[in-house]
Amino acid sequence: MEKLIITVAPTGNVPTKELNPNVPITPDEIAECVYKCWQLGAAVAHIHARDGAGKPTSDPEVFKQIVEKIKAKCDIIIQLSTGARAGKTAEERGACIDLKPEMASLATGSSNFPTSVNSNSPALVEYLAQKMLDNNTKPEIEVFDSAMITNADYLAKKGLIKTPMQFNLVMNVPGSIKGSPKNLMHLIESLPEGSTYTVSGIGKSHAQMTAMGLVLGGHVRVGLEDVLELEKGKPTSNEELVKRVVDLAKVYGREIATPDEARKILNLK
Ligand code: MG
């Protein structure tokens, strides 16, 4: 089986130090955490930025600081978030792509978050896809429901996304597709031929969904963006979550991909 690409999503938009003291918030904290996760086996870092008050921001200056600090420490693949919670307009959400990151997230449709809309209009999605294309940034298609796969395929046929595409199957966000084995199989079977995919299990679905992704030959995303505790009342950490997947990969005979091996698997060069 192909080597396993581990993505770490250390911060997200929702976690706070009150919810879990191990969440890295400042650029220094994020870079240090990503570095430790890289040492443990992570090949991709999915990055969200926070402002001085700890709130989500799409400010490219903050992204720039984080990127520079990570690059000074290691060669992990940096994937910047263009998610709906940090910025309002397409221009705000896509500002970080001017930094020409190797990857950026791209949701190809709308859904609900627990208390807000994951709003991605056709015009916004096409704007972000075009900007990624222009900057040689590979999108990771964030799939919150099966229609987002259909739409990504449509955008690829229009020439806005290069193939083979890389998908992140985001399972169990309240308001989006439920994290069940049947649903995950349905999404995997719906992917365009030749695609690569990563599985993210949100909250209680985390252990089951990521284990399925690993066993089925997909790749796995872990991190406090997706899950704050594995056991009730016990805050986990990004490092612990990466280590857990590395151990699981050993059990199931999957070798871990280095960042350069992941670049080959994801066609980044
Ligand atoms: Mg994200």
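These notebook entries record what I looked up in a predicted model.

**Basis.** I number residues from 1 along each chain as its sequence is written, and I leave hydrogens and water out of side-chain values, which use heavy atoms. Because the model is predicted, local features need pLDDT of at least 70 and side-chain atom pairs count only at pLDDT 80 or more, while totals for chains, interfaces and linings use all residues.

**Magnesium ion.** I looked up the protein donors (N, O and S atoms within 2.8 Å of the metal, or 3.2 Å for Na, K and Ca; water is not among the atoms, so sites may look incomplete). They are His46 (NE2), His48 (NE2) and Glu225 (OE), at 2.1 to 2.2 Å from the ion.

**Strand S9.** Helices (H or I, at least four residues) and strands (E, at least two) are DSSP runs numbered from the N terminus. I found six of the six residues of S9 (residues 138–143) buried, so this strand is largely enclosed by the rest of the structure. Lys138, Glu140 and Glu142 lie on one side, with Pro139, Ile141 and Val143 on the other. Strands pair if DSSP finds at least two bridges between them. Strand S6 (residues 103–107) runs parallel to S9 and is joined to it by five bridges; Ser105 stands opposite Glu140. Strand S10 (residues 166–171) is also parallel to S9, with four bridges, and Leu169 in S10 is the bridge partner of Val143.

**Aromatic pairs.** I noted two of them; rings of Phe, Tyr and Trp (its six-membered ring) pair if their centres lie within 6.5 Å, with planes under 30 degrees apart counted as stacked, over 60 as edge-to-face and the rest as tilted. Tyr35 and Trp38 have ring centres 5.8 Å apart and planes at 20 degrees, so they are stacked. Tyr35 is partly exposed at 24%, and Trp38 is partly exposed at 27%. The rings of Phe113 and Phe144 are edge-to-face, because their planes are at 80 degrees, with centres 6.0 Å apart. These two residues are 31 residues apart and link distant parts of the chain. Phe113 is buried at 8%, and Phe144 is buried at 5%.

**Pro192.** I located Pro192 in the loop between helix H6 (181–190) and strand S11 (196–201). Its relative accessibility is 18%, so Pro192 counts as buried.

Technical notes. Buried < 20%, exposed > 50% of the residue type's maximum accessible area, 1.4 Å probe, protein only.
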